[in-house]
Structure formats: structure tokens, C-alpha cells
Amino acid sequence: MRKPVIAGNWKMYKTPAETAGFFEKFRPLVAQSSHCEIVICPPFTNLAAAVEAANGTAIAIGAQNIAWAKEGAFTGEISGPMICAAGATYTIVGHSERRQYFGETEETVLQRTLAALEFGLQPIVCVGERLEERQDGRTEEVLLRQFHHGIAGLNGEQFAQIVIAYEPVWAIGTGMTATPEIAAEAHRVIREQARARFGHEAGDALRILYGGSVKPENASSLMAQAEIDGTLVGGASLDPVGFAAIVNY
Ligand code: PGA
């Protein structure tokens with residue numbers, strides 16, 4: 001049985017004070033929600049505030065990215081030990097906005113994933129095709145490329161620690177959610193690769209989240225798919241009431 005993960009990606013929104021305000025409203029709404037793991041990924045500058053606000057709850061806090069090195073001359077980067085010291089336990093890696101605007105490649109995504117694992121953070125590794133790739137019928141090819149150039153570079157022990165998020169780029173922030181069937185089909189492709197590379201049991205245990213315009217209105221139909229083990233939520237995770245409704249799908 002795979003325990004669902006419902007993760008919020010706040011992107012570049014909210015200050016520490018707004019973070020505290022969010023948790024004040026959000027905490028009571030999810031106090032009984034033990035059916036899933038809840039993860040909130042605020043900007044780096046809010047990690048400490050989020051950890052403090054989530055203290056005493058089961059809500060986990062994650063970063064949105066992680067440097068591949070432990071420390072060094074890497075202006076603008078934040079390392080695993082720094083994220084851990086702030087009290088976070090997860091990190092998103094390879095989000096499509098990082099790939100699109102900040103030059104992330106399969107290689108850097110893998111390096112960042114390895115750094116997360118080295119420092120004891122659970123990576124949520126994002127994959128997904130762009131609109132033109134889907135229109136050209138290349139979705140499967142893209143997912144296979146991302147898998148084989150990235151995740152396949154882990155060893156079995158490392159693989160057992162990761163969560164994958166399938167986020168079709170055309171569905172992110174556009175209001176165009178993938179249908180539950182489209183999402184489940186992509187998840188099947190990913191799981192098949194995972195089984196082939198890491199063995200049946202490891203592939204079956206892998207949690208694959210769907211992300212892209214998840215809202216309170218579509219969360220339960222997505223989660224009704226056996227292949228969908230949770231959601232990675234952007235815009236709709238900023239509102240405590242709406243995100244609690246997604247958690248309690
Ligand atoms: P969205 O973003 O829910 O706003 O579409 C999802 C994501 O980028 O993780």
C-alpha cells in the first residue's frame with residue numbers, strides 16, 4: 001500500500017509572516033488527516049518560519065531546490081546541510097520552471113537528487129513533457145529520456161527514497177489539468193521503467209504524484225486513479241482552505 005503524498009509548491013510566493021498566517025488557518029483543517037503525508041515547500045527564506053509553524057503536527061516542510069554541492073563558491077545556491085539545518089525534510093528537484101528558466105538539465109537534476117539523498121532529504125523529482133512534445137506524440141519518449149538520463153542513475157537504495165512527480169508542462173499554472181486517464185497513463189509508463197530498472201517490488205513501491213492545475217474540484221477524481229499516489233500542487237496550495245480541501249480529497 002503506497003501512502004499518498006500531498007505536496008504544496010509555493011513557488012515564489014509568501015513572506016515569513018504570511019507563512020505563519022497560512023499555518024494558523026491550515027493546521028486545524030488537517031489535524032485529522034493521517035491518510036496522507038502532507039508536505040509544504042515554501043521559498044528558502046520561509047523554511048524556518050514554516051518549520052516552526054508546523055511544529056507539533058505531521059506536516060513536513062520541503063525546499064524547492066537544492067545545490068549539488070555541500071558548500072562552496074556557488075552564488076545564489078542553497079545546500080542540503082543548510083536545508084536540513086532549517087528543519088526541512090523534503091526537497092523538490094528538477095521542477096519544469098527550473099528546467100525552463102534556469103537551465104536545469106537531466107545531469108544537474110540527477111546531481112541535485114544525489115545531493116538530497118546524501119544529506120538525508122527526500123527528493124520529489126519532477127518529470128513531464130511540454131505541450132509541443134505531447135502534440136507530436138512524443139510524451140513517452142520524453143518520459144523515458146528523463147528517466148534514463150536522470151533517475152536511472154541512482155542505485156536501488158537511493159531509488160527507494162525518492163518520490164516522482166509527473167507534471168506535464170502544459171498543465172502547470174494553465175488551468176488545463178490532465179484528465180485522470182492521461183495522468184494515469186503517464187504514471188504507468190514511469191512505473192514500468194522503474195520496474196524494469198530497479199525490480200518489480202521497488203517499482204511497485206514507488207510513489208508517483210501528479211502535478212499541474214490540481215484544484216479542490218479535481219483532486220478526488222485524480223486521486224481515484226490507482227496509479228496516482230498523490231499530488232504536487234502549485235497555485236492552489238497558497239490558500240489554506242483550498243489546500244486543506246485537496247489534502248482531504
Ligand atoms: P500549478 O503548479 O498547480 O499551479 O499548476 C504545479 C507545479 O508547478 O508544481
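Which of the 13 residues around the ligand come nearest? Select K11, H95, E167, G173 and S213, for these are the ones. Please bear in mind throughout that the model is predicted.

**First stop: the ligand**

Keep the ligand displayed and show the side chain of K11. An N or O atom in that side chain lies 2.8 Å from an oxygen atom of the ligand. Next, select G234 and display its backbone: a backbone N or O atom of G234 is 2.8 Å from a ligand oxygen. Move on to G235, where a backbone N or O atom is 2.9 Å from an oxygen atom of the ligand. On its own, the ligand has 280 Å² of accessible area, and the protein covers 95% of this.

**Second stop: the largest nonpolar core**

In soluble globular proteins, nonpolar side chains tend to be buried together. To see such a group here, select F23, F26, I151 and F243, which touch the most other members of the 62-residue largest nonpolar core. Then select helix α9, residues 180-198, which supplies the largest share of this core, 6 residues.

Return to F243 and display its surroundings. Leaving aside residues up to four places away in sequence, F243 touches several residues, among them I6, F22, F26, I38, V39, I40 and V233.

**Last stop: a second core**

Finally, select V5, Y90, I124 and V163. These belong to a second, separate core of 13 residues.

Note on methods:
Residues are numbered from 1 along each chain as its sequence is written. This is a predicted model: local features need pLDDT of at least 70, side-chain atom pairs count only at pLDDT 80 or more; totals for chains, interfaces and linings use all residues. Side-chain values use heavy atoms; hydrogens and water are left out. A nonpolar core is a set of buried Ala, Val, Leu, Ile, Met, Phe, Trp, Tyr and Cys residues joined through side-chain atoms within 4.5 Å. Buried means under 20% relative accessible area, exposed over 50%, partly exposed in between (1.4 Å probe, protein chains only). Helices (H or I, at least four residues) and strands (E, at least two) are DSSP runs, numbered from the N terminus. Contact means heavy atoms within 4.5 Å. A residue is near a molecule or strand if one of its heavy atoms lies within 4 Å of it. A polar contact is a pair of N or O atoms within 3.5 Å; within protein, one must be able to donate a hydrogen and the other to accept it, and residues adjacent in sequence count only if both atoms are side-chain atoms. Accessible areas come from the Shrake-Rupley method with a 1.4 Å probe; for residues, only the protein chains shown count as cover.
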